[in-house]
Amino acid sequence: MTPPTNIRPPVLHYRPVRWRDCMWVWRLANDPEVRAASMHLQAIALHAHVRWFVARMRAPLPWWVISREGRRVGMQRIDPTDPVLGSVPVLTTWIHPEERGGRVGSVALAQVRAMLPGLDLRGRIRPENTRSIRACVAAGWVHGAPVGDWETVYAWPRQDNYNEAGELV
C-alpha cells in the first residue's frame, strides 16, 4: 500500500501567554506524560504554580501558547539558563494530550527554529521520552552530548557548535 502524499502538517499559530492561561498551563503541566518527562516528577501544587506563573509573566522571556484551528494545543517557553545545562537558552515544549502523535510537536519545534534563526537554543530530554526525541529529529534538531546518565541534549546546527573534528559540542 502506498502512503498518501497529500498529508499536510498542522498549521500552528503562536501568541504570548496571557493571565487567563494560568489554569490551562497548570493542568497541562500536571499531565502525567508532561510530569514523567520533566526534571521535577512531582505534581505541581496550584499555589506554587500561581507564584511561578506570576513571576514568569513579569519576566521578559519568550513564552507562547500554540493554537490550531482556534484551540490551544500546547505551549513553548525559553528559559535563559537550565539547572543541568547551565547558561544556554533552553526550550520547553508541552503538547496537549489530545494533540500528541499528530505532528504538532515536530511542527512546533521546527516553527520555533524559524522564528528565532541563529539562536543557539537547546532542549533537555529524558532518554525514555522517545516521542519527544522523534519530534526533535523530525524538526531538524540534532543530537548533542548526553548530560548525566538520564538526559539527552538537542541543539540546532550552527557552525560554531562543532569542534575541529566535526563533532557537535
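Mentor: Helices (H or I, at least four residues) and strands (E, at least two) are DSSP runs, numbered from the N terminus. The model is predicted, so to speak of local features takes pLDDT of at least 70, side-chain atom pairs count only at pLDDT 80 or more, and totals for chains, interfaces and linings use all residues. Residues are numbered from 1 along each chain as its sequence is written, and side-chain values use heavy atoms, with hydrogens and water left out.

Trainee: In what order do the elements run from the N terminus on?

Mentor: The order is β-α-α-α-β-β-β-α-β-α-β-β.

Trainee: How much of the protein counts as buried?

Mentor: 40% of the 169 residues. Buried means under 20% relative accessible area, exposed over 50%, partly exposed in between (1.4 Å probe, protein chains only).

Trainee: And what share of the contacts joins residues 24 or more positions apart?

Mentor: 60% of the contacts with a separation of 6 or more. Contact means heavy atoms within 4.5 Å.

Trainee: Switching to helices. At what angle do α4 and α5 cross?

Mentor: Roughly 45°, and the axes of α4 (residues 104-115) and α5 (residues 130-138) come within 8 Å. That makes α4 oblique to α5. Angles under 35 degrees count as roughly parallel, over 145 as roughly antiparallel, 65 to 115 as roughly perpendicular and the rest as oblique. Axes are lines fitted to C-alpha atoms, for helices over the stretch in contact, and angles run from 0 to 180 degrees between N-to-C directions.

Trainee: Which residues make that contact?

Mentor: G105, S106 and L109 on α4, with A135, C136 and A138 on α5. They divide into four nonpolar, two polar and no charged. Here Ala, Val, Leu, Ile, Met, Phe, Trp, Tyr, Cys and Pro count as nonpolar, Asp, Glu, Lys and Arg as charged, and the others, Gly among them, as polar.

Trainee: Now the largest nonpolar core. Which residues touch the most other members?

Mentor: L12, I66, L91, L109 and W141, out of 20 residues. A nonpolar core is a set of buried Ala, Val, Leu, Ile, Met, Phe, Trp, Tyr and Cys residues joined through side-chain atoms within 4.5 Å.

Trainee: Which elements give two or more residues to this core?

Mentor: β2 (63-68), β3 (71-79), β4 (90-95), α4 and α5. α4 gives the most, with five residues.

Trainee: What is I66 in contact with, leaving aside its neighbours within four places in sequence?

Mentor: L12, H13, Y14, R71, R72, V73, G74, M75, Q76 and A108.

Trainee: What about T92, is it buried or exposed?

Mentor: T92 is buried, at 16% relative accessibility. T92 sits in strand β4. Beyond its neighbours within four places in sequence, T92 is in contact with M75, Q76, R77 and D79.

Trainee: New topic. What phi does E69 have?

Mentor: A positive one of about 55°, although E69 is not a glycine. E69 is in the loop between β2 and β3. At 65% relative accessibility, E69 counts as exposed. Its C-alpha atom is separated by 7.9 Å from that of V11, 58 residues apart along the chain.

Trainee: And where is R103 found?

Mentor: In the loop between β4 and α4. R103 also has a positive phi, about 75°, and is not a glycine. R103 is partly exposed, with a relative accessible area of 42%.
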